[in-house]
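Keep the structure open as you read.

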Amino acid sequence: MHGEYKVPGGKLVVVDLEVVDGRIAQFQLAGDFFLEPDTALEAIDAAVNGLAAESDAKTIAAAVKEALPEGAILLGFSPEAVAVAIRRALAKATSWRDYDWEIVHAKAVSPLMHLALDEVLTTEVGDGRRGPTLRIWEWDEPAVVIGSFQSVKNEVDPVNAEKYGIQVVRRITGGGAMFMEAGSVVTYSIYAPADLVQGMSFADSYAFLDEWAIVALKSLGIDASYVPLNDITSPKGKIGGAAQKRLGSGAVLHHVTMSYDMDGQKMTEVLRIGREKISDKGITSAAKRVDPLRSQTGLSRAEIIEQMKLTFRNLYGAVDGDVTEAEYAEAERLVAEKFGTEEWLYRVP
């Protein structure tokens, strides 16, 4: 069995192993990481051999830590990364390049249609009718997109939302509210088979699925990094946040919204955001604009998106695709029967 795990911001961890009588055997660790002293490699291999094949990541990482010589130095990886690679090998996880990826950057649709398309396309991937896909959102209507478990009344000021003509909608993933106006944010969704993140915890999978975006932002001159659980940030403030849901069909939905140039004053009038949360979003004054992507790159939103698409293509070999008419029709049905209903929006009043 073979497993690989690219540590977000770190090095590649590669493991090969067999399972004999329910236990790990012939284990070998490799990768482009740095490890001192040399004997630590043999110590890790010996510690893993003989572990029960059903050992969880915590148990494996603890065995690796216990086996390390005193003063051992691990650069670019960790015992936890070794454990993730082993669990991925045992679960027969796939990698990005095992799939034929599509990039969809289609026409603008309403916020409700975007939310419905997320569910439709994730289901299509899980059912095998669509290949893994990266989709870039385009829209021309303002909205507040709240998380699946958020309370409408706790998150949104209805008077100010109505004043600015901002619709409130609810997505199927958890997390916090997204304030969206045309041209103000960069949002993308990834629809992938669950096998891509096999052997990873939810926390590990967030950083794993967004590593390509960190690479793209760095290529634009932004000193971007990932902060668990779900934030993309930089020394100049938070850039964006991710949310995720795994469907029973065998697919994972992962989407991210990053600030390009938002009206901080309007956002704080519409969202019921406390002072601490404003600070977390990199807003020192409500009257200022929230513009980490624009101010740190000097580029247009379209130019940033093109660089992100290019990075994804170069890393994973993706080709351009589109949403089918059948997928649009199914999304319209979901808007009418689910996302556009009062029952869904106020499932948490």
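**Helix H3 and what follows**

The buried residues of helix H3 are Pro-79, Ala-81, Val-82, Ala-83, Val-84, Ala-85, Ile-86, Arg-88, Ala-89 and Leu-90. Buried means under 20% relative accessible area, exposed means over 50%, and partly exposed lies in between (1.4 Å probe, protein chains only). Helices (H or I, at least four residues) and strands (E, at least two) are DSSP runs, numbered from the N terminus. The model is predicted: local features need pLDDT of at least 70, side-chain atom pairs count only at pLDDT 80 or more, and totals for chains, interfaces and linings use all residues. Residues are numbered from 1 along each chain as its sequence is written, and side-chain values use heavy atoms, with hydrogens and water left out.

Ten of the twelve residues of H3 are buried, so the helix is largely enclosed by the rest of the structure. From its first C-alpha to its last, H3 reaches 17 Å, close to the 16 Å expected at 1.5 Å a residue. That expected span is 1.5 Å times one less than the number of residues.

Just after H3 comes Lys-92, with a positive phi of about 55 degrees. Lys-92 is not a glycine, yet its phi is positive. It sits in the loop between H3 and S6. Is Lys-92 buried or exposed? At 62% relative accessibility, it counts as exposed.

The loop between helix H3 (79-90) and strand S6 (102-104) also holds Asp-98. Asp-98 gathers with Glu-4, Asp-16 and Glu-18 in a surface patch of negative charge. Patches are made of residues with over 30% relative accessible area and no salt bridge; like charges are joined within 9 Å, and nonpolar side chains (Val, Leu, Ile, Met, Phe, Trp, Tyr) within 5 Å. A salt bridge is a side-chain nitrogen of Lys or Arg within 4 Å of a carboxyl oxygen of Asp or Glu. Lys and Arg count as positive and Asp and Glu as negative; His and the chain ends are not counted. Each charge is placed at NZ of Lys, CZ of Arg, CG of Asp or CD of Glu.

**Helix H4**

Now move to helix H4, residues 111-126. Its 16 residues should span 22 Å at 1.5 Å a residue, and its end C-alpha atoms are 23 Å apart, which agrees. H4 is mostly covered, with 14 of its 16 residues buried. Gly-128 follows H4, and its phi is positive, near 85 degrees.

**Strands, loops and cis bonds**

A nonpolar surface patch is formed by Phe-34, Ile-73 and Leu-75, with about 310 Å² of accessible area together. Accessible areas come from the Shrake-Rupley method with a 1.4 Å probe; for residues, only the protein chains shown count as cover. Ile-73 belongs to strand S5 (residues 73-75). It is partly exposed, at 46% relative accessible area.

Gln-26, in strand S3 (residues 23-31), is not a glycine but has a positive phi, near 50 degrees. At 62% relative accessibility, Gln-26 counts as exposed.

Which peptide bonds are cis? One runs from Glu-36 to Pro-37, with omega near -5 degrees. Pro-37 lies in the loop between strand S4 (34-36) and helix H1 (39-48). Another joins Pro-228 and Leu-229, with omega about 5 degrees. Leu-229 is in the loop between strand S12 (225-227) and strand S13 (231-234).

End at Glu-181, in the loop between strand S10 (178-180) and strand S11 (185-193). At 16% relative accessibility, Glu-181 counts as buried. Its C-alpha is separated by 6.5 Å from that of Glu-141, 40 residues apart along the chain.
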